[in-house]
Amino acid sequence: MRTAVYPGSFDPITLGHLDVARRALTIFDEVIIGVAQNANKHYMFTAQERLELAHASVADLAGASAQPIHGLLADYVKEVDASAIVKGLRGSADYDGEQSMALLNRHLSGVETIFIMGDSGLGHIASSLVKDVASHGGTVDDLVPAPVATAFTRKERHV
Ligand code: PNS
């Protein structure tokens, strides 16, 4: 059984993330969407919401699951005996940020990071942009999985 951990903030999970998870499942038997904390980010959705939305969004994706990562990613991948960490790349800007994380995670855990190029038709989808569109009343239904679109609608009603 070859397991990959696909970590991220997933604030919230998008169709771009799902595409990368689907592609990872062509290589690995199991892909764990690891919902983690990035100390440099302020989140729109709580850790519990981000986890629940990821969980609901991969419900139909055989081999995928969503789990929380509370501490270091390097410790988590050893704990679940992962064969690799998976990250999605949309372009060179993503790569610049990912390179040092991949090297540090390998230093700490011995686990390699595998980069997967997402569908070019989804390259414009980023959680930060989706949140911006939604917060200005724009439609995000074709950018995020259905449970996330519903969550945005619920948030709007409570503002
Ligand atoms: O979606 P993001 O915010 O780019 O994901 C970054 C994330 C959450 C994967 C990264 O911050 C992380 O791995 N956080 C867990 C704590 C950790 O291991 N930090 C050291 C990273 S080298």
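**Entry 1: the largest pocket**

I looked up the largest pocket of this predicted model and recorded about 1,200 Å³ of space in it. For the record, I worked on a 1 Å grid over the protein atoms alone, where a pocket is an open set of points with protein on both sides within 12 Å along at least five of seven lines. A residue counts as lining when it has an atom within 4 Å of a point. Grid points are joined across faces, edges and corners, and a volume is the space filled by probe spheres set on the points.

I noted 46 lining residues, of which Gly-8, Ser-9, Lys-41, Lys-87 and Glu-98 lie nearest the centre of the pocket. At least two lining residues each come from β1, α1, β4, α4 and α5. These element names refer to DSSP runs, helices (H or I) of at least four residues and strands (E) of at least two, numbered from the N terminus.

**Entry 2: conventions**

I number residues from 1 along each chain as its sequence is written, and side-chain values use heavy atoms, with hydrogens and water left out. As the model is predicted, local features need pLDDT of at least 70 and side-chain atom pairs count only at pLDDT 80 or more, while totals for chains, interfaces and linings use all residues.

**Entry 3: the cavity**

I searched for cavities, that is, sets of points where a 1.4 Å probe fits but cannot get out. The structure holds 1 cavity of 30 Å³ or more, and the space in the largest cavity is about 30 Å³. Its lining consists of Ile-85, Lys-87, Glu-98, Met-101, Ala-102, Asn-105, Thr-113 and Phe-115. Two or more of the lining residues come from each of β4, α4 and β5. The largest share, 4 residues, again belongs to α4.

**Entry 4: helix α4**

I next followed α4 itself, which runs over residues 92-109 and has 18 residues. From first C-alpha to last it reaches 25 Å, close to the 26 Å expected at 1.5 Å a residue; the expected span is 1.5 Å times one less than the number of residues. Where does α4 bend? I found a bend of about 35° at Glu-98, taken as the angle between axes fitted to the seven residues ending there and the seven starting there.

Asp-94, Glu-98, Ala-102, Asn-105 and Ser-109 are the buried residues of α4. I call a residue buried under 20% relative accessible area, exposed over 50% and partly exposed in between (1.4 Å probe, protein chains only). The buried residues of α4 pack against α3 (73-79), β4 (84-89) and β5 (112-117), with contact meaning heavy atoms within 4.5 Å. Just after the helix, Gly-110 takes a positive phi of about 80°.

**Entry 5: helices α1 and α5**

In α1 (residues 15-24), 7 of the 10 residues are buried, so the helix is largely enclosed by the rest of the structure. The buried set is Gly-16, His-17, Leu-18, Asp-19, Val-20, Ala-21 and Ala-24. Its cover includes β1 (3-8), β2 (30-35), α2 (47-57), β4, β5 and α5.

Not counting residues up to four places away in sequence, Asp-19 touches Gly-118, Asp-119 and Leu-122. Asp-19 and Gly-88 are 69 residues apart in sequence, yet 9.0 Å apart in space, C-alpha to C-alpha.

For α5 (residues 127-135), I listed Ser-127, Val-130, Lys-131 and Ala-134 as buried. Seen down the axis of α5, these residues fall within an arc of 100°, so they line one face of the helix; the arc is that of the directions from the helix axis to the C-beta atoms. Gly-137 follows α5 with a positive phi, near 85°.

**Entry 6: backbone exceptions**

Most residues other than glycine have a negative phi, and most peptide bonds are trans. I therefore checked for exceptions to this rule. A cis peptide bond joins Asp-11 and Pro-12, with omega about 0°, and Pro-12 sits in the loop between β1 and α1. Phe-10 is in the loop between β1 and α1; though not a glycine, Phe-10 has a positive phi of about 50°.

Is Phe-10 buried or exposed? Phe-10 is buried, at 3% relative accessible area. Asp-81, in the loop between α3 and β4, has a positive phi of about 55° although it is not a glycine. Asp-81 is exposed, with a relative accessible area of 64%.
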